[in-house]
Amino acid sequence: MQELRDILGPTLFYYAFSPAIKIAVVVFVGVLPLISYLVLAERKILGFIQVRTGPNRVGPWGLFQPIADIMKLLVKEDVIPNKAVKWAFVLAPCLVVGPAFVIFAVIPFGPSAAQTGGGLDYFITDVNIGVLFVVALATIGVYGIIIGGWSSNSKFSLLGGLRSAAQMISYEVPQGFSLVIPLLMAGTMSLQGIVGAQLEQGRWFLFAFFPFGLIAFMIYLIAGVAESNRNPFDLPEAESELVAGFHTEYTGMRFALFFLGEYANMIVISAVAVTLFLGGWARPFPNVEALSFLDASFLPAGLVGVLWFSLKLSVFLFVYIWFRGTFPRYRFDQLMDLGWKWLIPLSLVTLFAVGLWKVLLL
Amino acid sequence: MEWADFTAGRTGDLHGRAIREMTNTTNTRRDTLFDVEEMELNFGPQHPSTHGVLRLKLKVDGERIVDCYPIIGYLHRGTEKLFELHPFFQNVPHTDRLDYVAAATNNLAYVGAVEKLIGLVVPPRARYIRTILCELQRISSHLLWLATHAIDIGAMTPFFYCFREREIILDLFEEYCGARLTLNCMRPGGQPFDLPVGWGERCAEFLDDFPSKIDEYEGLLTNNRIWKKRTVGVGVLPADLAQEYGVTGPMLRASGVQWDIRKAMPYEAYGDVEFDIPVTYNGDTYDRYLVRMEEMRQSVRIVEQCLDKLPDGLIMAKSPRVLKAPKQSDAYFSIEGPKGEIGFYLVGDGTPNPHRCRVRAPSFMNLQVVPILAKDQLLADMVAVLGTTDIVLGEVDR
């Protein structure tokens with residue numbers, strides 16, 4: 001590393017390697033284990049909901065199940081169908097996973113060094129167009145699914161790909177609008193800045209401009225579930241209709257990549273929701289002195305931020321899993337109805353109302 | 001058949017209006033800008049929601065089903081021919097394998113036909129035991145239907161709840177006759193076994209508990225907005241069409257036809273017990289769901305009454321060791337199975353074997369309307385329609 005730095009010079013080294021290494025560390029140390037244990041948690045929670053035990057054979061309480069699963073998927077035969085379009089078939093899973101992981105670069109899962117007075121920055125980078133970056137990258141994931149569905153040369157895959165194209169594009173619109181509302185409230189696009197604004201104003205944006213913050217949050221939540229193809233909006237991979245939807249023909253690690261992508265997306269969407277609406281890494285009611293014991297000042301401030309962030313994140317992830325245990329699946333046309341007839345107009349109205357409020361009353 | 005007429009004549013209640021709206025939106029053919037070609041989609045025989053080995057050749061225009069053509073025969077085992085090769089007694093196990101999730105009712109339809117053919121009079125205790133077994137079987141069959149139907153529509157959890165209760169029923173069966181699915185639990189002339197000691201109490205315990213479990217399933221589904229959106233107005237089966245196609249069972253009653261053989265031509269102990277036949281009038285998937293849920297409740301009532309009234313006495317009629325049908329005799333006996341009217345037509349020729357056996361399988365008849373119900377619906381509705389017809393391929397193909 002030191003040699004590389006000498007060769008490239010500090011500036012080039014910084015731009016070329018530093019973010020990449022940080023992302024790699026966050027993804028491999030933080031996100032991948034989180035995903036694999038999220039899968040385990042999902043199976044355990046679903047098991048609890050469905051009066052069964054869930055995985056309990058590998059290790060105590062099935063704790064090593066994710067490792068066994070990953071091993072299995074890694075050594076499985078990788079089949080590429082004869083008439084598949086090979087390059088697209090290979091590219092598709094990468095397109096789903098890559099962007100989902102890169103989004104973690106802008107998510108502040110803890111306070112910055114400046115805010116805690118030295119120490120670590122608990123985020124990879126603080127882009128001043130953070131929200132835009134998130135939306136832009138999240139959109140790329142759709143291509144992976146469409147390409148995967150199309151290139152498999154299977155009718156079920158094709159239908160799944162078509163469904164996801166329509167679904168994700170229509171739900172990106174209300175999602176985008178609902179993301180603009182916190183921007184209006186905060187006056188910045190940087191995710192770290194939005195958390196800072198919530199700290200400053202002393203309230204989560206969920207409760208700001210009541211009830212518009214709440215409405216925006218609900219729209220974001222619904223659109224987010226649809227974006228990540230989870231129940232009750234899991235139409236692209238609807239098992240009972242399309243066998244497995246866009247990943248019908250995928251096996252082994254390629255299938256696992258789609259799987260990883262779905263869960264990474266779940267985490268990303270939850271993380272963005274936490275950051276934008278639930279005060280990010282800040283404790284509840286950050287301005288109320290009486291609750292300052294929640295800051296747990298005997299711990300490093302950054303760590304406490306990370307803890308609060310993870311707590312809020314896990315609530316979201318639990319809600320996702322809870323949905324899956326409770327709801328039937330929407331039909332394709334009903335999904336479009338919900339998106340275009342309800343969510344988009346509602347998000348526009350909310351956006352307009354918040355804007356008006358901001359201009360007239362503040 | 002004008003579907004629009006059928007829905008337009010409906011009173012303006014919310015349910016009817018929802019049906020009208022939905023049939024309107026899905027029935028209109030869109031004008032297309034470009035030439036479109038329909039895609040042929042092979043739905044099954046290896047598909048998660050064809051419930052066995054049904055194959056449907058679908059013509060789809062995007063997600064909309066233009067044409068549906070069921071292809072059966074992947075589970076054909078020549079059961080009707082097999083009946084001719086064995087004596088009357090030995091044919092009972094074959095009937096288990098027709099509708100393999102409702103063996104007791106198949107048994108009853110067959111042994112009933114044999115008894116009618118030969119003229120055996122079944123002792124009352126055996127008749128009550130048969131009724132109890134059949135109604136438990138109806139519950140377990142409906143539970144399996146609900147489980148798979150719900151999972152087809154995407155609700156995962158009811159599946160496990162239903163299997164939890166079905167397990168108890170299967171345990172009861174196992175205790176009675178040693179088998180859980182292929183029961184072989186009836187004989188021409190009576191019952192092979194009496195109820196085991198304590199069986200009635202264990203059964204009553206289950207029956208006490210079960211209605212609350214039905215509430216649990218209904219809590220998850222009945223008023224669930226998504227469930228209603230997926231089922232209300234989907235696969236509307238008008239009453240006259242249902243009758244033309246010989247549709248029976250809950251499918252017919254959900255279309256508003258009050259026909260249940262248990263009431264119309266009471267057999268076994270059904271004349272002695274009080275129960276209601278649920279009927280609904282919209283004929284859509286949601287109504288069929290409601291009918292079956294209520295039928296489970298009524299089955300609980302029937303079994304409870306049968307257990308209370310269970311008479312003492314013989315369980316087997318005095319019958320010759322080898323049953324021989326009279327020469328040139330025939331008999332048709334049908335009962336109300338969980339899926340509809342299941343009947344056996346037997347021809348005797350003076351030998352211990354039936355000369356010919358014909359099974360009137362409700363699944364087979366009910367399957368005939370699937371292409372009509374699925375036409376112009378979306379692909380997702382295909383699954384709902386297939387689930388709501390509650391077919392078992394063992395019975396369709398025989």
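How many of the 398 residues of chain B count as buried? The share is 51%, where a residue is called buried if 20 or more other C-beta atoms lie within 10 Å of its own, exposed if 12 or fewer, and partly exposed in between, with C-beta atoms placed from the backbone. This is a predicted model, in which local features need pLDDT of at least 70, side-chain atom pairs count only at pLDDT 80 or more, and totals for chains, interfaces and linings use all residues. Residues are numbered from 1 along each chain as its sequence is written, while chains are lettered from A and ligands numbered from 1 in the order in which they are written.

Chain A is built from 13 helices and 0 strands, with helices (H or I, at least four residues) and strands (E, at least two) taken as DSSP runs numbered from the N terminus. Its radius of gyration is 21 Å, close to the 21 Å that the globule rule gives for 362 residues, so chain A is as compact as a globular protein of that length. That radius is taken over C-alpha atoms, and the globule rule is 2.2 Å times the number of residues to the power 0.38. The C-alpha trace of chain A spans about 60 × 60 × 45 Å along its principal axes, and 46% of the 362 residues count as buried. Contacts here are pairs of residues whose C-beta atoms, placed from the backbone, lie within 7 Å. Take the contacts in chain A between residues at least 6 apart in sequence: 77% of them join residues at least 24 apart.

Along its principal axes, the C-alpha trace of chain B spans about 75 × 45 × 35 Å. Among its contacts between residues at least 6 apart in sequence, 71% join residues at least 24 apart.

Now to the sheets of chain B. One is an open sheet of 3 strands in the order S1-S2-S3, with antiparallel pairing; two strands pair if DSSP finds at least two bridges between them. Strand S1 (39–43) and strand S3 (64–71) of chain B stand at the edges with a single partner strand each, so one side of each has no neighbour in the sheet. On average, neighbouring strands of this sheet are turned by 20 degrees against each other, direction ignored. Axes are lines fitted to C-alpha atoms, for helices over the stretch in contact, and angles run from 0 to 180 degrees between N-to-C directions. Strand S2 (residues 55–61) of chain B is joined to S3(B) by 7 bridges, and B:Lys57 stands opposite B:Tyr69 in S3(B).

Another open sheet of chain B has 3 strands in the order S4-S5-S6, again antiparallel. Its edge strands are S4 (329–336) and S6 (354–360), each pairing on one side only. Neighbouring strands of this sheet are turned by 15 degrees against each other on average, direction ignored. Between S4(B) and strand S5 (residues 341–348) of chain B there are 8 bridges; B:Asp330 has B:Val347 as its bridge partner in S5(B), and B:Ile335 has B:Ile342. The hairpin of S4(B) and S5(B) has 4 residues between the strands, and there B:Gly340 takes a positive phi near 145 degrees.

On the other pairing, 6 bridges join S5(B) to S6(B), with B:Arg358 in S6(B) as the bridge partner of B:Tyr345. This hairpin has 5 residues between the strands, and B:Gly350 takes a positive phi near 90 degrees. Since 6 of its 8 residues are buried, S5(B) is largely enclosed by the rest of the structure, which is why the count matters here. Helix H5 (residues 103–118) of chain B lies across S4 and S5 of chain B, running at about 150 degrees to S4(B).Finally, the two chains meet in a contact that takes 23 residues from chain A and 26 residues from chain B. On the side of chain A that touches chain B, helix H10 (239–242), helix H12 (301–326) and helix H13 (332–361) of chain A are the elements that give two or more residues. By class, that side of chain A has 9 nonpolar, 6 polar and 8 charged residues; Ala, Val, Leu, Ile, Met, Phe, Trp, Tyr, Cys and Pro count as nonpolar, Asp, Glu, Lys and Arg as charged, and the others, Gly among them, as polar.
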